[in-house]
Amino acid sequence: MVAVHTWSDMYLARYSGFVDTTIEAAQTTEAERALLVQRLAGWQEQYPDVQVSRDIQLAGPIDHLLSWSERAQLVVVGSRGRGGFAGMLLGSTSNALVQRASCPVMVVHPSKD
């Protein structure tokens, strides 16, 4: 199993004129890596036979997940929505994957607890 964590659909290359971009990206990457470790905590103990590798990407969730879909049996994505679109059934990433992925896609909405 591969846990892919891409936290932004904004391409920082567009803002390459900013000097701090590289430093902020590195710091953010470490924070997001820690977040992924935290979210996966406990599952490895429950399912010790399942090998999990992690793929951390700063941006481009659609591109990365479409690439993974070419060799996956299933892609599972969350749908959280942003801004005024939070109530929509599919966000832009899940919509693109449902339409273009090379394998089945499961879109999981957050619980309402």
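This is a predicted model: local features need pLDDT of at least 70, side-chain atom pairs count only at pLDDT 80 or more; totals for chains, interfaces and linings use all residues.
1. **The aromatic pair.** Start with the rings, where there is one aromatic pair to find in the structure. Its partners are tryptophan 43 and tyrosine 47, and they are stacked, with 6.2 Å from centre to centre and 15° between the planes. Those two values are worth noting together, because a pair of aromatic rings is described by the distance of the centres and the angle of the planes. The label "stacked" applies here because planes under 30 degrees apart count as stacked.

2. Tyrosine 47 belongs to the loop between α2 (43–46) and β2 (53–57). Are these two residues buried, partly exposed or exposed? Tryptophan 43 is partly exposed, at 48% relative accessible area, and tyrosine 47 is also partly exposed, at 45%. Both residues contribute to a nonpolar surface patch of about 450 Å², together with Met1 and Val50.

3. **A charge over a ring.** Now look at tryptophan 68. The charged end of arginine 71 sits over its ring, 4.2 Å from the ring centre.

4. **The salt bridge.** How many salt bridges does the structure hold? There is one, and it links arginine 33 with glutamate 30, whose closest N and O atoms are 3.6 Å apart. This pair counts as a salt bridge because the cut-off is 4 Å. Both residues lie in helix α1 (residues 21–40), and since they are three residues apart, about one helical turn separates them. Arginine 33 is partly exposed, with a relative accessible area of 36%, and glutamate 30 is partly exposed as well, with 47%.

5. Find strand β3 (residues 75–78), which includes valine 76. Which residues does valine 76 touch, once those up to four places away in sequence are not counted? They are Met106 and Val108. Valine 108 is 32 residues apart from valine 76 along the chain, yet their C-alpha atoms are separated by 7.1 Å. Valine 76 has 49% relative accessibility, so it counts as partly exposed; the exposed class begins over 50%.

6. **A buried serine.** Finish with serine 94, which has its place in helix α4 (residues 92–100). Its relative accessible area is 2%, so serine 94 is buried. The limit for that class is under 20%. Leaving aside neighbours within four places in sequence, serine 94 is in contact with Val77, Ser79 and Val107.

How values were computed
Residues are numbered from 1 along each chain as its sequence is written. Side-chain values use heavy atoms; hydrogens and water are left out. Helices (H or I, at least four residues) and strands (E, at least two) are DSSP runs, numbered from the N terminus. Buried means under 20% relative accessible area, exposed over 50%, partly exposed in between (1.4 Å probe, protein chains only). Contact means heavy atoms within 4.5 Å. Patches are made of residues with over 30% relative accessible area and no salt bridge: like charges are joined within 9 Å, nonpolar side chains (Val, Leu, Ile, Met, Phe, Trp, Tyr) within 5 Å. Accessible areas come from the Shrake-Rupley method with a 1.4 Å probe; for residues, only the protein chains shown count as cover. A salt bridge is a side-chain nitrogen of Lys or Arg within 4 Å of a carboxyl oxygen of Asp or Glu. Rings of Phe, Tyr and Trp (its six-membered ring) pair if their centres lie within 6.5 Å; planes under 30 degrees apart count as stacked, over 60 as edge-to-face and the rest as tilted. A charge sits over a ring if NZ of Lys or CZ of Arg is within 6 Å of the ring centre and within 35 degrees of the ring normal.
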